[in-house]
Amino acid sequence: MATPNGARNWWRPAVAIAVAVLVVVGSAVIVHRVLAPAEVVTPARADYPAPVTVRPGVVGTLNAAPLIVDDRIRVYATTRQIRADRPVDAPTRRTPYWSYRRWPAQVAGLVADGGTVVTRWSDGELVALDARTGTVRWRATGPSPGHGYLGRRTGAATVYAPTGLHTARTSTGRPVLVVGGTADRRGIDLDSGRELWRLAADPTCSDGGPDDEAAAGAGQGLTTTDGFFAVLDTCAGSREVEFHDVATGSLAGRWRPDDSGGPVQVSPVGCAAGRSGCRALRTVSAGVTRGWLVEGARPVPAPALDSPDAVLVDEVAVAPAGTGLVARSARNNAELWRWSEAGQARLVAAQPGRVHLRTAEGDLVTLDAATGAERSRFPFTYGRDSTTWSPGFAYAASGFVAVERLAEPVDPTAGDDRYYLAAQPVILAGT
């Protein structure tokens, strides 16, 4: 029996509709997989490395800024990933020892204390990682940082100068994370991720001085070696530095360097890393720059730190003097030693017991902070790389020095290919 044309053709539009539905559903699944928030943890599959023996000399060059953690691994930050490699003295980046990635959030800061690496993300999430394994120790919701990844190619700004992210120790030695954001500041137990305290923050009332923290949305302040979080407050009429106990968040005192009542700029000095564990601070008020040792909520004048270029190593203030350096006691300003060079030398970094400078000839010289004696000297270059460059971010820890090499003349507005000296812009050396 013949089949009518309508009966023969009814299935064609039905099939077309079914195919269209499958395409839409399939596309939705793909979009969800690509766009949905994701977390990827790649844990360590090898034993935790032992600390290395530091040998003076250039180790190599890296394409990212390393944070040396627990004297055993190097940790780096990229836009959406934290990764570690080993050993600390490897001449180049190695296959990741472990890595941690989130999406679509961006890395907004990175700090470490002992065997804990804390990452801060643009959505406010705080994730603590175990340095040994790369696995998550805890998570907490923190205040919004108000920005995403700021590290350019190397990640140095995110790793060495994270805004509003600090480590600290209470008077009893308990580790605390202090986090500042656009709406509040919080103290978090670093071992557990438990919130200890929270303080409301008006970003229009916070100003860290030269780096314009209010504009960055963080009001980041600094933490001190004796258990305080210090931040400049501008809402009290005259600008004053508030000192809060890192264990409780309670206000321990207010202070300002003079009675002028005018604007005050505050910068950290002698910090263990970034703006954490600082032993001193420097103020600019009424056109006068002064250095102060931080002791509780009442800083003590330290004229040896008045120079904007002075660094503090232990109890020694080291500052440029002519073509060399002069070291003075931070307590009584007595001269301790002098070091001179034929050409102009530039301070690049310091760490406990050591001061690092780059000479006009391009050598890296490391001096003993207590005596001024040379611990090591060698050309601060690698392979056939140019010796003509300016230092960017610099970092010194565990006997090593890492410095960003910027192409001259330095142009902060240039793209990374022009801004940095080479594709591997960070030079790493043992001292």
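This is a predicted model: local features need pLDDT of at least 70, side-chain atom pairs count only at pLDDT 80 or more; totals for chains, interfaces and linings use all residues.
**View 1. The disulfide between Cys271 and Cys278.** A disulfide is a covalent bond between the sulfur atoms of two cysteines. In this model the count of disulfides comes to one. The two sulfur atoms, in Cys271 and Cys278, lie 2.0 Å from each other. The link of Cys271 and Cys278 is right-handed, with 100° about the S-S bond. Cys278 is buried, because its relative accessible area is 0% and buried means under 20%. Cys271, with a relative accessible area of 22%, is partly exposed, because this class lies between 20% and 50%.

**View 2. The open sheet of strands β15, β16, β17 and β18.** Four strands make up this sheet in the order β15-β16-β17-β18, and their pairing is antiparallel. The edges are formed by β15 (222-223) and β18 (251-255). Each of these two edge strands has a single partner strand, so one side of each has no neighbour in the sheet. Strand β15 pairs with β16 (residues 228-233) in the antiparallel sense, over two bridges. Within this pair, Thr223 stands opposite Phe229 of β16.

**View 3. The second largest pocket.** Rolling a probe the size of a water molecule over the atoms shows where empty space is left. The second largest pocket holds about 190 Å³ of space. It is lined by 14 residues, and the closest to its centre are Arg358, Thr359, Ala360, Trp389 and Glu408. Sorted by class, the lining of this pocket has six polar, four nonpolar and four charged residues.

Technical notes: Residues are numbered from 1 along each chain as its sequence is written. Side-chain values use heavy atoms; hydrogens and water are left out. On a 1 Å grid over the protein atoms alone, a cavity is a set of points where a 1.4 Å probe fits but cannot get out, and a pocket is an open set with protein on both sides within 12 Å along at least five of seven lines; lining residues have an atom within 4 Å of a point. Grid points are joined across faces, edges and corners, and a volume is the space filled by probe spheres set on the points. Ala, Val, Leu, Ile, Met, Phe, Trp, Tyr, Cys and Pro count as nonpolar, Asp, Glu, Lys and Arg as charged, and the others, Gly among them, as polar. A disulfide is a pair of cysteine sulfur atoms within 2.5 Å. Buried means under 20% relative accessible area, exposed over 50%, partly exposed in between (1.4 Å probe, protein chains only). Two strands pair if DSSP finds at least two bridges between them.
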